[in-house]
Amino acid sequence: MNVVDLIRDNIRGLSPYVSARDKYISGDLLDANENPFGSVGAKENPLALNRYPDPAQRALRNSLGAYLDVDHARLFFGVGSDEIIDLLLRVFCQPARDAVAIFEPTYGMFRVAADVHGVETKRFDLSEEFQLPAELPEELKRGEAKLAFLCSPNNPVGPALRKADVLNFARKFEGIVVVDEAYIDFAPDASVYRETAILPNLVVTRTFSKAWGLAGARCGYCVADPVVVDFLMKTKAPYSINKMTERAVLDALDRPEEKDEYVERIVAERERLAAALRAIDAIETVFPSEANFILVRTPGAPALQKRMAERGVIVRDRSSQPRLEDTIRISVGTAEENDRMLEALKASL
Ligand SMILES: Cc1ncc(COP(=O)(O)O)c(C=O)c1O
């Protein structure tokens with residue numbers, strides 16, 4: 001399969017915006033109509049916020065490339081992985097003509113982003129164990145979807161998809177397979193990012209918002225074939241990743257062991273929380289999780305969520321998702337937050 005053939009016609013032929021900083025990054029910078037004196041409110045201004053950030057994301061791509069042992073040409077940064085989902089739709093899907101496939105229950109943004117672009121969403125079911133179906137659905141064999149969005153570990157349920165199934169799917173599907181690995185730091189063995197080197201239609205998206213603790217910085221990335229990265233680069237806004245975010249992410253990439261420590265702490269709390277939830281009679285199911293949240297089934301979940309909110313504990317009602325009636329998704333908090341959550345839950349049942 002040649003991924004270029006899958007690119008939307010107007011994007012394949014796009015002559016992109018050429019930024020002032022694509023070629024020159026030093027010298028007397030009189031090319032981008034910036035304020036040469038400084039930035040209002042920033043006395044020291046160590047990041048030189050009066051200057052635009054690097055549109056080619058060079059420092060970020062080099063640093064992440066070293067961390068992942070992946071060539072920088074296979075890496076692309078977005079304003080959260082949500083921006084990358086949006087850009088993939090822009091690059092590959094023609095509004096009112098193309099379609100995407102999702103496997104439910106899954107992350108809600110896939111369908112919302114497709115709707116925003118006027119792209120149809122074809123919905124399929126994950127298996128009872130929340131895994132991919134053994135066979136590619138007939139409709140997808142006929143090339144009726146341009147992109148398939150998979151989520152591993154799966155939000156809102158929790159299990160990772162079996163790696164062999166994902167790769168098998170990517171080999172059979174004649175379109176782009178996007179694997180959203182937002183929670184992969186909690187299940188690193190399930191990652192398929194290395195296989196993007198042998199499967200040009202495989203795109204793995206990830207985020208700094210979860211295990212890395214940088215949700216407020218808004219930064220995600222994808223690992224993909226250099227051709228896909230190239231078209232994402234051409235399509236994005238020129239200066240999408242701002243300098244403060246770039247600094248925060250570069251600092252984080254200098255200290256990946258801190259992320260590993262957070263993962264350990266969160267997983268330990270998750271297991272303690274799961275045991276405590278299993279001990280509550282009214283909780284019918286505690287779904288197994290390989291992420292930083294736990295989904296539970298309990299009768300009257302939507303009303304329960306509201307009663308818990310009145311007690312100051314905010315959890316997410318997921319009952320409207322297919323096959324998830326009467327479920328609540330609980331993010332793993334600190335030990336104190338989890339204790340307060342358990343108290344509020346018991347009092348609200
Ligand atoms: C599966 C999944 N993908 C992507 C995101 C969004 O990530 P980001 O903060 O990088 O946009 C989330 C956020 O909850 C998520 O659950």
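Q: Why is the way α2 passes α8 called a left-handed crossing?
A: A crossing gets that name if the near helix is turned anticlockwise from the far one by less than a right angle, and is right-handed if clockwise. α2 passes α8 in the left-handed way. Bear in mind that this is a predicted model, where local features need pLDDT of at least 70 and side-chain atom pairs count only at pLDDT 80 or more, while totals for chains, interfaces and linings use all residues. Residue numbers start from 1 along each chain as its sequence is written.

Q: How do you know whether α2 and α8 are roughly parallel or roughly antiparallel?
A: Look at the angle: helix α2 (residues 58–68) and helix α8 (residues 243–253) pack at about 20 degrees, with axes 10 Å apart. Those axes are lines fitted to C-alpha atoms over the stretch in contact, with angles running from 0 to 180 degrees between N-to-C directions. Under 35 degrees is roughly parallel, over 145 roughly antiparallel, 65 to 115 roughly perpendicular, and the rest oblique. So α2 and α8 come out roughly parallel.

Q: Which residues of α2 and α8 meet?
A: A59, L60, S63, L64 and Y67 from α2 meet E246, V249, L250 and L253 from α8. Contact here means C-beta atoms, placed from the backbone, within 7 Å of each other. The helices themselves are DSSP runs of H or I with at least four residues (strands are E, at least two), numbered from the N terminus.

Q: What makes a set of residues a nonpolar core, and how many residues does the largest one have?
A: The set must be buried Ala, Val, Leu, Ile, Met, Phe, Trp, Tyr and Cys residues joined through C-beta atoms within 7 Å. The largest such core here has 89 residues, and L88, V100, L147, A148, L150, V177 and V178 are those with the most contacts inside it. Helix α3 (residues 80–92) gives the most to this core, with 7 residues. The core also draws at least three residues from each of domain 1 (3–19 + 55–254) and domain 2 (257–348), with bounds that come from an automatic or database domain assignment. Setting aside neighbours within four places in sequence, L88 is in contact with L147, I176, V178 and V203.

Q: How do you know whether N33 and A96 are buried or exposed?
A: Count C-beta atoms, placed from the backbone, within 10 Å: 20 or more others is buried, 12 or fewer exposed, in between partly exposed. N33 has 7 such neighbours, so N33 counts as exposed. A96 has 9, so A96 counts as exposed too.

Q: What is phi at N33 and at A96?
A: Neither is a glycine, yet phi is positive: near 55 degrees for N33 and about 65 degrees for A96. N33 lies in the loop between α1 (9–12) and α2, while A96 sits in the loop between α3 and β2.

Notes. Contact = placed C-beta atoms within 7 Å.
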